[in-house]
Amino acid sequence: MKFYNYYGFTKAYFLISLCVIVTFFSCKKSQPLVHVPFTTAMKQQFDADIDQAIAHIDSMQKNSPSDSIHFIKSRAFFKKIEPILATVDTDNYAYLNQPNILKVEEEDPTNIRITNPSGYQVLEEHLFAEDRDTSIIKTHLHLIKSRLQLVKKNTSLQHLKKYHVLWMFRKQIIKVAITGITGFDSPVLENSIQESKVTYQSILRYFELFDDAFNNPVLKEKWYAELNATIEDLTGDFASFDRYAFTKNHTHTQLKLWNEIVQDWGVTFPFELAFKNDATSLYSPTTFNINYFIDQRPIPTTEAQVALGKKLFYDTNLSRSQQMSCATCHQPEKAFTDGLRIAEHQTRNSPTLLYAALQKGFFYDKRAGGLEAQISNVVKNKHEFHTDLTMLETTVRNDSSYNKLFTAAYPRKEVTHAYIRNAIAHYVRSLTPFSSKFDRNINGIENTLTQSEINGYNLFNGKAKCATCHFAPLFNGTVPPDYKESELEAIGVPIAKDTIHATVSNDLGRYYVYQTPERKHFFKTPTIRNASKTAPYMHNGVYNTLEEVIDFYNRGGGAGIGIELSYQTLPPDPLGLNKEEINDLIKFIKSLEDKDLGY
């Protein structure tokens, strides 16, 4: 099925969506809610918005020219419930907002589930296709309506406490900045800016229920003024929207004010999610709760453990040959890569370890669930350490230089391979500096970004659609804001730099783990932080420069150079980036190079 240009929908549909949103707000003036418990009032508003979303779905059953308007209105009401639904029912939210990509869930070789997607994104692609299939559209209309009815019937908000509500609002603030304004969930219409306005209008509406919770009237006025200013600034078309200014001036301002509200309301949180409860920036070494990303019961990290892990990381005695350490393939001066296309006896390019801890899955094929498991693989691999965990223990026990370090790191504990691997993992977890030029600028520490670098960031998150796979602020494939999964993508990487007679790489990637045919040529999305120092690129090191990488994407990935890949997840349409835009993108990527690592 051929769709309208995936990366730039026509002006006509932008004007339609803009008019719908304007009408949406002008006809739905905020009315004061009766004084009832906040959970009851929230549920009333939530149900009313679902009813409206369903009503517009029902109005689309006639296959008429007005279908596009009803779709935009239905999705606007869906966006109104997003702040609540994305928090209290993540599974149903994900169903209604999933991309039009085959869903494959692999728990183990005996439990592999493959399902076709549905929801608003899928409907959008079919509805605005050049060759509409009415039967398919009706199927998705039915599925969406049924799921909305299920959500309305089964969603209870009675259990919510104020800390739940504050988490909910913060999650939506972060969601808009990272995925909402990037086109992640409006792939054809690129209606993201208008829909983000709707979600902020919804936040404002729900916050009105908590007027009495504020003790500081000045703070309340500052908060409402900021929300209204944000709504005012969410205007313009997708391509020209200034995402850098939005994040710096609104998202970070709101995170700071949110922390003040937490104090003003006297709210405490029972635990931390992916974002630390006191985070005030998306781009800081104190933004993320590192323990959230650990696949086992976390042992709190100490400086002593990191020091021990660092020594182990550089110790060649841990390998059978006594010639290889972790640093052999992950050298600090090369952003913890080795600068090689593929190292001797290896099959894939060595990825950076910077920010590696902020993932859910390790190795290019995600065959390891955590850092400790990844280290076990390296220890046992005959082309790497070529030893075993017992020998690992023996080597460390017999080396007196480790005695004091190990005692300081794990008091009253024996030397075991579990603690050895844990120490190395803690060292890797310390490699999240957020010290780049871009980080320092967006946090207001300095003002040195050039307009070209800012343009590159806006392109990355806009027209170039890089951020629909490399999500800010980590710029890897771990999906925000819940960070439960690191995505695998099939983009059609060629075996050689050939755009005339291109052949896909013979590495089948994730397929080797469970032999799932639908996972051939799927690989984990790595971070592009420090990409200026991590060449060559791709899992097979096929590209030597950032220019070559961007040219590949600009052509439409593998499909754009003639590679037919059944389940390519990258949209096949050319991006249409000109030379100046490509140059801006590269300059932005170079601004993500961390400084003064000291590792």
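Analyst: **Space first, then packing**

The largest cavity holds about 840 Å³; the volume is the space filled by probe spheres set on grid points, joined across faces, edges and corners. Keep in mind that this is a predicted model, where local features need pLDDT of at least 70 and side-chain atom pairs count only at pLDDT 80 or more, while totals for chains, interfaces and linings use all residues. Residues are numbered from 1 along each chain as its sequence is written, and side-chain values use heavy atoms, with hydrogens and water left out.

Searching the whole structure turns up four cavities of 30 Å³ or more. A cavity is a set of points on a 1 Å grid, over the protein atoms alone, where a 1.4 Å probe fits but cannot get out, and lining residues have an atom within 4 Å of a point. Around the largest cavity there are 48 lining residues, with H470, P526, I528, M538 and Y553 nearest its centre. Strand 4 (523–524), helix 20 (546–554) and helix 22 (579–590) are the elements that give two or more residues to this lining; helices here are DSSP runs of H or I with at least four residues, strands are E runs of at least two, and both are numbered from the N terminus. Helix 20 is the top contributor, with four residues. Sorted by class, the lining of the largest cavity has 29 nonpolar, 14 polar and five charged residues. (Ala, Val, Leu, Ile, Met, Phe, Trp, Tyr, Cys and Pro count as nonpolar, Asp, Glu, Lys and Arg as charged, and the others, Gly among them, as polar.)

Now for a pocket, which is an open set of points with protein on both sides within 12 Å along at least five of seven lines. The second largest pocket takes up about 890 Å³. Its lining counts 41 residues, and H330, P351, F363, Q374 and E384 sit nearest the centre. Helix 12 (326–329), helix 13 (371–380) and helix 16 (417–429) each give two or more residues to that lining, and helix 13 gives the most, with five. The pocket lining splits into 22 nonpolar, 14 polar and five charged residues.

On to the helices. Helix 5 (residues 120–127) packs against helix 6 (residues 134–154) at about 160°, the axes lying 10 Å apart. Axes are lines fitted to C-alpha atoms over the stretch in contact, and angles run from 0 to 180 degrees between N-to-C directions. So the two are roughly antiparallel, a label for angles over 145 degrees. In helix 5, Y120, V122, L123, H126 and L127 meet I136, I137, H140, L141, I144 and L148 of helix 6, contact meaning heavy atoms within 4.5 Å. That contact comprises nine nonpolar, two polar and no charged residues.

Helix 5 also packs with helix 3 (residues 67–88), at about 165° and with axes 12 Å apart, so helix 3 and helix 5 are roughly antiparallel too. On the helix 3 side you'll find D67, S68, F71, S74, R75 and F78, facing Y120, L123, E124 and L127 of helix 5. Here the tally is five nonpolar, two polar and three charged residues.

Finally, the axes of helix 3 and helix 7 (residues 162–180) come within 9 Å and cross at roughly 110°. That makes the pair roughly perpendicular, the label for 65 to 115 degrees. E82, P83, I84, A86, T87 and V88 of helix 3 touch M168, K171, Q172 and K175 of helix 7.

Terms used: Parallel < 35°, antiparallel > 145°, perpendicular 65-115°, else oblique.
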